[in-house]
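Grab a pencil and work through these exercises with the structure open beside you. Try each task before you read its solution.

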Amino acid sequence: MFFLSYALAELRRRRGRTILTALGLAIGVGLVVTVNALSTGLDHAQQKVLAPLTGVGTDMSVTRPIRVTNNGSGAFGGLSQSQRNRLRGQLGPGPAVNFRNLKPGQKFDTDSFRATSQLSFPASEVKRIEGFAGVTAAAGSLTLTDTHVYGKAPKVRLQFGNPGSFGGSGGQNGQGGARFQGFGGKGIHFQSRTVTGIDQSRPDLAAVTPGQITKGRYFTSSSAYQAILSSSYASTNKLSVGSSVSFGGHAFRVVGIASSPLGGTPSDAYVKLAVLQRLAKYRGQITTVQVRAASTGAVGRVAREIKTGFSASQVTTAQDLANRVGGSLSDARNLSSKLGTALEIVGLAAAVLIACLLTLASVAKRVREIGTLKAVGWSQWQVVRQISGESLLQGLLGGVIGAAIGIAGAAAVNAVGWTLKATVPGSAAPARGPFGGGPFGFGQAAQVTSGSTLVKITTSTDLRLILAAVGLAVLGGLVAGAVGGSRAARLRPAAALRTVE
Amino acid sequence: MHTEERLAQTPATDAVPVYELAGVGRAYGGGNGGVTALADVDLVIRPGEFVAVAGASGSGKTTLLQLLGALDRPTSGTIHCLGRDISRMGPGELSRLRRETIGFIFQQFNLIPTLTAIQNVEAAIATRRSGERHRRAHDLLAMVGLSHRVDHLPSRMSGGEQQRVAIARALANDPGALLADEPTGNLDSQTGQEILALLRGLSTEHGQTVVLVTHDTHVAETAPRTVRLSDGRVVSDTANAAAISDPA
């Protein structure tokens, strides 16, 4: 304990130098804590934006997009024969209303479901993908474009190339479709909407998760005909929880409203997978497999394996989704990860350098004292231990002050209420279909929800970060002590005693 | 040299000498610019002796004291301390020798200003266990008459008291030799006399070997034996009959 008493007494005597050294280290440590807390806050903000995109536990989505090459000719250019056959089967003749069978003024309501941007594939692929190394869970979903035509038969008999029928294609997602008026003033309504059938037994891997429900509830096992609507679709069509919405001639009860995540590819409606497969006549077919990897580090490898093992597939990872998010949030995070790390290194290096120089200066001022200690029999090791011990205590003090500075800095960021903008440009997702842009949505691309959202940055400091920061300061103190101690140990006692102070 | 007088003062001529110097020299620097601080010094100091090393400034007395104190090594000759050749010892062995065998007293006291009187004494025996260290330091401070000042910082003590603390510190490791470099140089006359009396008492009452360096002839005369240096050489080694007959 003598050494500790001596060290504490010395630090008290050289209070100014002690505070200066500790403050130097504290600023370095405070910088590390603040930058790390800020970086964590930016990560959390980005995760907050991405959470609805990635789902609770989905690491990647597997689809089989229809690929069109630049040198292809026509809508089917670049497709293999089997892909063309599948596509023809999926597209079919389009929705049709045979007015010959309707009396003028008679109501009609028909749906036509098509997988437009992606080829459907057997649901058995879910099991196969689940068997890949590094995959812990997988669930399938089916996303279709539903062309909904309803209204009353016109009083004027129509003549078309395909006698007695009326067809169309394309439309804007979720915008309520085109309204066909004329023919005696009775409207015929066309509505294009996307519907996704999800495996409700795996809500954490589903295209819509319980966390996205803003009103109402998630699916239950009580009824087959339950629907969850996107908030934008519900708003446009003035639907709410408890309303009824028709799909394939069946009335579905709206049980919940889900938020449309920024940057996501939301559907207008979500129903149970088996129900949609039956109504749309896509039995045993799906268009997407949501996959969870064993670890974040395994995502890249698993994605490559799936691409190799599942021909013509496209794997979209959470990182791909993250890359869609831009704006000041993204800029700040990039800045934090690059400049922040450099700032931490430079700050700490400067702090340790200052501590070393001040310790050396302190040793220079204590030459005769060190000579006296050597004269009374102190070994070099004892001298080094004493100087290092004092420096370590300074480091500890600097670490504690630095942690306080860091926590205060992080709290200041929170108090300022810094908000950053996360932006997703209004472009289609990579899986663009060959027929995008048609009036009724046939071949409609998977549209991402574009726009901006403000995210408040909330920094957080945890105990591990603080302990690590204090540890860094102590380490810095030890380095300074080792430098100063070795200088003191090299002093020749006879020369040291001759020094005039 | 009054050999018969020195022998009378020497308690045990057949005992191993505390110091035995043969042809010791110390030169600083090399070539034409070099300085010879000590040259060809032969000296024997026996246990219990009180020896004053006297000489003018620059005569080499402090250099001699540093060699005796194992703070420096000679450039020629040999120095044996209690039978061990310290001229060939490494830094670690020299540290151990200083810790176990030698006690230093400095002209400017050289107390650690941040430590109390008792902590300054403990500094010399810092590797000992806490209780033993504390008791030893306390006893020594009592012996030099500073029981009431144990927790005082040097800055709160007079020069005489500080030198007493330094003496207690020098005695902490029960040294074979007590080396004092101008111990009264920074003290007033009366306090200087008290310190000299204390050192003499240690020699006469406790058989402590004391080597005292001084430029003051009056101080040197208080020692039973005086070795005079001039230009780094021993010019006389005499016994002081008055000091022998009146040790106090």
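**Exercise 1. Count the salt bridges between chain A and chain B, then name the partners.**

Step 1: there is one salt bridge between chain A and chain B; the term stands for a side-chain nitrogen of Lys or Arg within 4 Å of a carboxyl oxygen of Asp or Glu.
Step 2: the partners are B:Asp72 and A:Arg492, whose closest N and O atoms sit 3.6 Å apart.

Before going on, a word on ground rules. This is a predicted model, where local features need pLDDT of at least 70 and side-chain atom pairs count only at pLDDT 80 or more, while totals for chains, interfaces and linings use all residues. Residues are numbered from 1 along each chain as its sequence is written, chains are lettered from A and ligands numbered from 1 in the order in which they are written, and side-chain values use heavy atoms, leaving out hydrogens and water.

**Exercise 2. Describe the side of chain A that touches chain B.**

Step 1: look for polar contacts (N or O atoms within 3.5 Å; within protein, one must be able to donate a hydrogen and the other to accept it, and residues adjacent in sequence count only if both atoms are side-chain atoms). Six residue pairs, both at pLDDT 80 or more, are in polar contact between the two chains.
Step 2: find the elements. In chain A, α1 (2-13), α10 (367-375), α11 (380-416) and α13 (493-498) each supply at least two residues of the side that touches chain B. Helices here are DSSP runs of H or I with at least four residues, strands are runs of E with at least two, and both are numbered from the N terminus.
Step 3: pick the top contributor. That's α1(A), which gives the largest share, seven residues.
Step 4: sort by class. This side of chain A has eleven nonpolar, six polar and seven charged residues. Ala, Val, Leu, Ile, Met, Phe, Trp, Tyr, Cys and Pro count as nonpolar, Asp, Glu, Lys and Arg as charged, and the others, Gly among them, as polar.

**Exercise 3. Work out how much area is buried between chain A and chain B.**

Step 1: list who takes part. The contact (heavy atoms within 4.5 Å) takes 24 residues from chain A and 25 residues from chain B.
Step 2: read the area. About 2,100 Å² is buried, 60% of it from carbon and sulfur atoms; buried area is the accessible area (1.4 Å probe) that two parts lose on being put together, summed over both.
Step 3: find the top trio. A:Phe2, A:Ala375 and A:Val376 supply 27% of the area that chain A buries against chain B, more than any other three residues.

**Exercise 4. Which residues of helix α3 (residues 91-101) of chain B are buried?**

Step 1: they are B:Leu94, B:Ser95, B:Leu97, B:Arg98 and B:Thr101.
Step 2: see what they pack against. On chain A it's α10 and α13; on chain B it's β4, β5 (84-85), β6 (102-105) and β7 (177-181).

Terms used. Buried < 20%, exposed > 50% of the residue type's maximum accessible area, 1.4 Å probe, protein only.
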